[in-house]
Amino acid sequence: MWPRLRTERATRAVMVAVYVFLLAFALFEIVRATRRLDGIIFTGYTQVGEAVLQGGDPYSLAINTWPPCFLFVAVLLALLARAVTLAGATLVWQAASVLATWGTLKLLARLFLEDGAGLTFWPRAADRPAFMSAGVIIPLLLVLRILQENLQHAQVNGFLVYLVVLAFWLFRERRAAWGGLALALAASLKATPIAFLPYLVYKRAWREAGWTAAFLVCLNVVLPLAVFGPAGSAAHWHGWSIQIGAQTGGTMTHYYNQSLLAALDRLLGATGDARNPVQYAVAALSPAAVRRVFYVAAAALALGLAVAFRKNPPGVTSRAAAGEMAVALGALTLVDPLAWKAHYVTLLATAFYVWYAATRRAQVVVILASAALLTVSAPALVGSHVSKALESLSVITLGAAGLVATGVWLQLVNTDRA
């Protein structure tokens, strides 16, 4: 009895210590962002909002690659900055981003863990699972470096992941309308989650697909028309399309782009990029040829997901659908041509699922190796120069690919924990 009690106390002490570290870590990043306002993306959000408020063209700003619906969020953030100063608005945004990550963890626990509904913010009651249970803390630590990237630059990605996970939790609770609203809002603020609409159709989740489509129309057609009018709304859509074309039409080889397309460009392309400390192309394909290779790879990934998901029941109210969502979130970032490191916060859901579902030693090895690749290039660990060299080798892309591949593997072989 006594050895067991001592072990429980020691485990609890470790959990509390880790939790205190994570809270201190989050607080540090929250405060640090307010001290470097010129180096965070949040400042760009407020600049976009100010352009709208002053009647200018928000898509004349090179930083603005967000869909027109995001302009409404940008305006609210600009008004907040006017009311409480830019530093104060940043503080609010960063605190909300941390809470969104906590909310995502809580929802993932409910989706995957048997006792996940009892997840507490602070480890306290003995009859409820502590926040630092292995099923929660390990997935969080696996992608902590990526979460830090998002928080460091005060980006919106954590909120988007929360909205997608929230949508699938609402779908499981058979609240299709609210789930459709959450998913439509995520897809309206950043285009990538729109891929979940054809996924819902593929899964024959007709009510969920119908509500999502309806809210997409409301957010992206009705609302802009009502606020900006036909001419203004059309101008914003046109400006966004030009921005996206400009961003994705050039070379993808610079090291801070960790998308699959950029990784293939660095490996196979002829153009190269002087900003990459390491040059190692094994071929000299033109940008068009590299894109063809990318399209084949993306199509193969989509086909693999379709086959893996086909074995699960139709609809999106089962635990299997939550696993599909988690794998798809990571895969969508992987094939996004503009996937910076911070965009891979979607891997929080992927890591949570694969750690929950893994049953074989080989799967655990791949998961840990992938997490190492995601983490090894952190400047705090290896310094800025080595970090850039490692990212030139696409270590983030490889780590993400490893987690996604493990997720597909688990979907194919684990019928009981899919």
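This is a chat about the predicted model shown above.

Colleague: Hi! What kind of model is this, and how are residues numbered?

Modeller: It is a predicted model, where local features need pLDDT of at least 70, side-chain atom pairs count only at pLDDT 80 or more, and totals for chains, interfaces and linings use all residues. Residues are numbered from 1 along each chain as its sequence is written, and side-chain values use heavy atoms, with hydrogens and water left out.

Colleague: What is the mean pLDDT of the protein?

Modeller: The mean is 89, and 91% of the residues reach 70 or more. pLDDT is the predictor's confidence in each residue, from 0 to 100.

Colleague: Where does pLDDT stay under 50?

Modeller: That happens over residues 125-129, for which the model has seven contacts beyond four places in sequence. A contact means heavy atoms within 4.5 Å.

Colleague: Let's turn to helices. How many residues does α2 have?

Modeller: Helix α2 covers residues 41-53, so to speak 13 residues. From its first C-alpha to its last it reaches 19 Å, close to the 18 Å expected at 1.5 Å a residue. The expected span is 1.5 Å times one less than the number of residues. Helices (H or I, at least four residues) are DSSP runs, numbered from the N terminus.

Colleague: And how many residues of α2 are buried?

Modeller: 10 of the 13 are buried, so α2 is largely enclosed by the rest of the structure. Among them are Phe 42, Tyr 45 and Glu 50. Buried means under 20% relative accessible area, exposed over 50%, and partly exposed in between (1.4 Å probe, protein chains only).

Colleague: Which other helix is mostly covered?

Modeller: Helix α13, residues 347-357, has 10 of its 11 residues buried. Those include Leu 347, Phe 352 and Tyr 356.

Colleague: New topic: how many salt bridges does a search of the whole structure find?

Modeller: The search finds seven. A salt bridge is a side-chain nitrogen of Lys or Arg within 4 Å of a carboxyl oxygen of Asp or Glu.

Colleague: Which residue does Arg 32 meet in a salt bridge?

Modeller: Arg 32 meets Glu 29, at 3.1 Å from N to O. Both lie in helix α1 (residues 2-34), three residues apart, about one turn of the helix. An α-helix has 3.6 residues a turn, so residues three or four places apart point the same way.

Colleague: Is Glu 29 buried or exposed?

Modeller: Glu 29 counts as buried because its relative accessibility is 2%, whereas Arg 32, at 26%, counts as partly exposed.

Colleague: Which residue does Arg 145 pair with?

Modeller: Arg 145 forms a salt bridge with Glu 391, at 3.1 Å from N to O. The pair links distant parts of the chain, with Arg 145 in helix α5 and Glu 391 in helix α16, 246 residues apart. Both residues are buried.

Colleague: What about Lys 341?

Modeller: Lys 341 forms a salt bridge with Glu 149, the closest N and O atoms being 3.7 Å apart. This pair also links distant parts of the chain, 192 residues apart. Salt bridges that share partners join Arg 145, Glu 149, Lys 341 and Glu 391 into one network.

Colleague: Last one: what is the phi of Thr 85?

Modeller: Phi of Thr 85 is near 80 degrees, a positive value in a residue other than glycine. Most residues other than glycine have a negative phi. Thr 85 lies in helix α3 (residues 70-112).

Definitions and conventions: Helix = DSSP H or I, 4+ residues; strand = E, 2+ residues; numbered from the N terminus.
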